[in-house]
Amino acid sequence: MPEGNIPQRRVIGRGSIENPKNRFESLGFQEDWEHLDPYDPEAQEPRKVKTEYFDDASQSIITKNNSPDIVFSHSLNPYRGCAHGCSYCYARPYHEYLGFSAGLDFETKIMVKRNAPALFREFLRKRDWKGDVIAMSGVTDCYQGAERRFEITRGCLEVALEARQSLGIITKNALVRRDIDLLGPMAEMNLVVVNISVTSLHQSLTRVLEPQSGSPAARLAAIKALREAGIPVNVMVAPIIPGLNDSEIPRILEAVADAGAGSAGFTLLRLPHGVKDIFLEWLTRNVPADKARIVSRIQACRGGEVSDSRFGQRMRGEGEIAKQIAATFRVFATKFGLAGERSRPDPTLFCPPRRPENRQRELF
């Protein structure tokens, strides 16, 4: 083997394979494989990176949003970081505020808010809270794999049901079916809408694009199970990646309509901060022959760039390709009965939850 040709141990089962430098840190980390024997076949075997969980000591659980192009004003995120590993995830840069990387760290170092249900209860007892719709989750997926172990999302749903707090749930994981026993009674009072993200119907794509999220078939089955339980479901075809999955729009909309979805929406890919380099590396690794074409089409929707942070533009893009995507979506959403107004949870039934046990009684 020529000098300098050092083997790199390939990471499998993750959307990112490296940790780009944190933009807020002066020091970076780079793996060094020079100690490996380039002639040792075991040294070149793919490696798995385990998921680590850390306690998150946050003292608040509700985040207020003032972005004019997002429909919810408050959100609840039980976890920070997301093991789904979606290579395009706009939430990756948030991990940098914790001292981690937006790359492999984001999907392998998960912050767990174990006291989220208690903090949620405390928030709902505030005197000025009137029960406005809260999104779960506005950033990382509340039904990612960690939820099977920690059941924090389920604990928050129990509080919400007790308080008749209206929720809009956002997920791409079929684990949401586990909580039908809570979501069903909430739906009977028009307190909840579940938004399921469907990016592609081809598992060969989702397996590498969203490596630890639910398969397309599992998501369609979740839509069906939720609707059969009387729970309204909206589908988000998100993100649409020009040149990669935009051609699937008609088939996705037909499939989710057949599964029982009541409405559908979409967002266009955006690549803020370090997500740009992570996604471009993903293209190089997974679809090298199509990379130039995909990047060109993304740039055509973003004024020559790959991202646009302007309100009103960042979700939909601009230019002829963006217009074509929007028109295609509109035509087929109408054809399959998904273009109607989305269900909206009713915030008027809210009543503060009971006081936490072993807490001093209120004076007034």
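A network of salt bridges links Glu-147, Arg-154, Glu-158, Arg-178, Asp-179 and Asp-181, a salt bridge being a side-chain nitrogen of Lys or Arg within 4 Å of a carboxyl oxygen of Asp or Glu. The model is predicted, with local features requiring pLDDT of at least 70 and side-chain atom pairs counting only at pLDDT 80 or more, whereas totals for chains, interfaces and linings use all residues. Residues are numbered from 1 along each chain as its sequence is written, and side-chain values use heavy atoms, hydrogens and water being left out.

By this rule, the count of salt bridges comes to 18. One of them joins Lys-109 to Glu-52, with the closest N and O atoms 2.8 Å apart; Lys-109 belongs to strand S5 (residues 109–112) and Glu-52 to strand S1 (residues 52–55), so the pair ties together parts that are 57 residues apart in sequence. Strands (E, at least two residues) and helices (H or I, at least four) are DSSP runs numbered from the N terminus. Lys-109 counts as buried at 19% relative accessibility and Glu-52 as partly exposed at 30%, where buried means under 20% relative accessible area, exposed over 50% and partly exposed in between (1.4 Å probe, protein chains only).

A salt bridge of 3.0 Å, N to O, is also formed by the side chains of Arg-121 and Glu-162; Arg-121 lies in helix H2 (residues 116–124) and Glu-162 in helix H4 (residues 152–163), so parts 41 residues apart in sequence are tied together by the pair. In the salt bridge between Arg-219 and Glu-210, the closest N and O atoms are 2.6 Å apart, and both residues are buried.
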